[in-house]
Amino acid sequence: MRDSTIEYLVQAGWIQGDLVVNLPPPREAVDTAAEELARSVRAQWSAEVAAWELGDIEGPLAVRWLARWGATAPAGGTAPAADATAARPARSDRLGDIADALLDLDARRLLVLGGPGSGKSTLLAMTVVLLAARHLGDVTRRVPGDRGVPVPLLLSLESWDAESVGLRDWLVARLAEDHPGLPRVAGAHPARRLVRDGRVLPVLDGLDELPEHRRAAVIRELNSAPRELGFVLASRTQEYRTLDVRVVGASDIEALPVGPRDAAVHLLRTADRARHEQWGPVLDELAEHPEGPLGQALSTPLMIWLARRAHRPAHTDPARLADRVRLPTREAVESHLMDTVIPAAFAPRAHDSERLHAPGHWNPARARGWLAFLARELERRRTGEFAWWRLNRARAARLLAIPTLVALCIALAESMMAAVTRVEDAYSDSPQLNIDMFDRNYLFGAAVLATGIQLTTLQWYGDRFWEPRRRANPFKAGAALRSVSRAASVRRALTSLAILVVPGGFLLLMAQGTYHSEAFTAQAVLGYILPALVMLVIAAPADTVDAATPDELLAGERRAGLLTLGVVAPLIGLGTGAHSLLTEHGTVDFWVAFAKGMTGAVIVLVAVSPWCLWVVSKSWLAVLGRVPWSLMEFLRDAYGGGLLQRYGGTYRFRHLRLQEHLAGRPAAVLPADPLLAASTGAGPRQPFTVTGPQPSPQPNRQPHPAGPQPRLSEFLDNPPPLHELSGYTVVSNDHEYALDARDRRLPLGHWPLCGLFMVLAAVRMAATGNWDNTMGWSSVLFWPVFAVFVNVAAFLLPKMRLTLRIDHWGIVASRGRRRAAYSWEDVLAVRVRQVYVRGRNQRVYGPHVRLRPGAPEPPGMFRGRDGWYLVMALHFRESVPPDLAGALTRFSGGRWRG
């Protein structure tokens, strides 16, 4: 018998001769974890590629790339050629060649460059699917998997603060958060082991979407990463070239413009045969005027996809693209394509029985307005990810959602109190105290217990308030309990137990020796400890391998809210009812106390949950016409139409260019001279000396028609120069920038704390029913009055002297009697950050410096967070006056990050 590999061996009778069985080596746990991760990654991004219509079309678009490969590893077979770093062509329809070249590199570091819409994100997604498939192999074709191929992880750089979190720590956190159910290695999550052993390949997208200082921090952190941890980084060419730092030891591939012939062939092959004649004018225009507006617009894969997608419906006419009268420029063609793709994306499609609403039944004009609203919100928040739990941050929702929730809580409490009061008056035989505050003690006490339970749960899992995560199925008790034990660290578990045990133990100790000690014991056990344990099971994170989708996150929060309403709140009500029953009250009073306790728990646990806040925010925005009532269905249809893409639990626009267009931001026009694009100024700076507020010289300007007045947000985002402010004296020249001012104190850090106490006082007033009582309102209004008093007292104090000097030596700043000096030799970077003084957020921004290790540190007042040190607090927004920004640019030697 020849050597072979068998799966089953069955003995029948006697076997003559020797039988040698070579068992395969046992698989390590980390190999199993890597395989499960690769399977999840392939499933996720295969679905994305299918939604982008990239993998199953008849005529794939061959995007040409210019590749500059570095040295290959010695195991690659041959030594690198002398011209290994010379530019060589590559094609996206031959993705295997690009993947082979990447895996053969000595240092697996690849930089993907290109202009807007040039196909960078598409290349990344398809590379991720290919590498994951190579790691797994193909069982149907008997192709074994290759464990030497790292598992790719496509991540958005927007979630990484490279200035305070290292690359490895960020990857470990993302792996543990996105794939919590990976098989354990030595009893722990395998994220750190996978990253440490180089079993994952981070594929990082969106470098160009970050501010300049964050882009530089990302590249510096990548350069300091260990050599065995490779990466793929994508960025727009111009945003990368203008940085002062470069990725060290990385190969790069740069996208080339798509030729008119390739674009024409692709459009013709992907169109229906019956419509080839309608595409004739477009093909003629591309052939006759390859440098015309249409040829320039269709030089990127994004615009080619938009043209194909927008003119798929039978009623559209692609010949309009060749009309040079209506579309005289490249920008006009691109805007036309981005406008016409929206009606095509919401064309009616076949109904799916699993859907709540039929797909595609959206008005295109209203759909564009809804997408424009979401785009403007993302632009305002300077982000590209839309998370449904952050919908309340929209301005209209922020003004209306919280007051609505407070009003609903008050209405619920008052309705319940009115109902139980009638029941008590009609059926209760127990003596009643006609004291309204005592009548609401159960309501307020249950709210306090529910608050402790909520804090215990948040601390146990390390969750952030009003931010969801995928929840485990609590009906599968074993899996949920296993998730409870795995999700907590020792420190968080001890803190949660302290929140749970200390108040409960204090209540039990207080009950000892009282007249009804068993009543307080029953309330502590049934109304606090037991509901907290059940809440831990309900809120347990899902122990699954696949990353969560937005719909799964919302469904998990909805289920958790309903289970809290149906299980935890009744348990708290049962504890208050048991207290009433054991204090010699009747059955009617038991049900009355139960209703009061359950209502107090519902107000805290359900009404302030992410799901409830989402429902209220979405409802108000739908009433105002900003979003549709079925927002998640709309987002799902936009995703199916190719307008959006999913990154884990968030949505993003298919391309940043589409988001900018819908938000009304003009597209960046590339200058003809690349040196002009890299320049930061128009000419040499002229020194000036200003004392006090002086009118700045006005250049000769042409008259222009009156436009709309700037909004307050625009004014705050663009503060005036410091020399225009009253009381500020500025001296600026080629040798120094000196500021001397006397300013009033304006403390803001106490306002959030006072606001919290005001909300607690309002909740207590709602629970006690003191709406018509001056004492109740005084307890609520005391806190804002106190906050205003602090500001008035600070304003009446003598003005504080502020000085700032920036020169070729460094920065010297003083505030009152405290002084800080930073030499440029000790400064690594300068950027704007939020001001923290002794750990407290001051709600203002100002320039900070990062010092080299071992540099002398300033006084405690100037110490910020994450290794940054304050220079001067300036503004309510993350912006800097232009004259100060110019001085930092002039003297910092490239350390200023904006």
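Two strands count as paired if DSSP finds at least two bridges between them. With that in mind, we can begin with strand β3 of this predicted model, which covers residues 109-114. Strand β3 pairs in the parallel sense with strand β7 (residues 251-255) over four bridges, and in this pairing Leu111 has Asp252 of β7 as its bridge partner. Strand β3 also pairs with strand β6 (residues 231-236), again in the parallel sense, over six bridges, where the bridge partner of Gly114 is Arg236.

Six of the six residues of β3 are buried, so the strand is largely enclosed by the rest of the structure. In a regular strand the side chains alternate between the two faces of the sheet.

From strands we turn to a pair of helices. Two packed helices are described by the angle between their axes and the distance between the axes. Helix α8 (residues 260-270) packs against helix α9 (residues 280-288) at an angle of about 170°, and their axes are 9 Å apart. Because angles over 145 degrees count as roughly antiparallel, α8 is roughly antiparallel to α9. On the α8 side of the contact are Pro260, Ala264, Leu267 and Leu268, which meet Val282, Leu283 and Leu286 in α9. The residues of this contact divide into seven nonpolar, no polar and no charged.

The last stop concerns aromatic rings, of which a search of the whole structure finds 14 pairs. In one of these, the rings of Trp362 and Phe634 have their centres 5.4 Å apart and their planes at 80°, so the pair is edge-to-face. Trp362 lies in the loop between α12 (330-345) and α13 (364-380), whereas Phe634 lies in helix α23 (residues 631-640), so the pair ties together parts that are 272 residues apart in sequence. Trp362 counts as buried at 15% relative accessibility, and Phe634 counts as buried at 0%. Phe634 also forms an edge-to-face pair with Trp370, with 5.3 Å from centre to centre and 85° between the planes. This pair, too, links distant parts of the chain, with Trp370 in helix α13 and Phe634 in helix α23, 264 residues apart. Trp370 counts as buried as well, at 6% relative accessibility. Together with Phe346, the residues Trp362, Trp370 and Phe634 form one aromatic cluster.

Conventions
Residues are numbered from 1 along each chain as its sequence is written. This is a predicted model: local features need pLDDT of at least 70, side-chain atom pairs count only at pLDDT 80 or more; totals for chains, interfaces and linings use all residues. Side-chain values use heavy atoms; hydrogens and water are left out. Axes are lines fitted to C-alpha atoms, for helices over the stretch in contact, and angles run from 0 to 180 degrees between N-to-C directions. Helices (H or I, at least four residues) and strands (E, at least two) are DSSP runs, numbered from the N terminus. Angles under 35 degrees count as roughly parallel, over 145 as roughly antiparallel, 65 to 115 as roughly perpendicular and the rest as oblique. Contact means heavy atoms within 4.5 Å. Ala, Val, Leu, Ile, Met, Phe, Trp, Tyr, Cys and Pro count as nonpolar, Asp, Glu, Lys and Arg as charged, and the others, Gly among them, as polar. Buried means under 20% relative accessible area, exposed over 50%, partly exposed in between (1.4 Å probe, protein chains only). Rings of Phe, Tyr and Trp (its six-membered ring) pair if their centres lie within 6.5 Å; planes under 30 degrees apart count as stacked, over 60 as edge-to-face and the rest as tilted.
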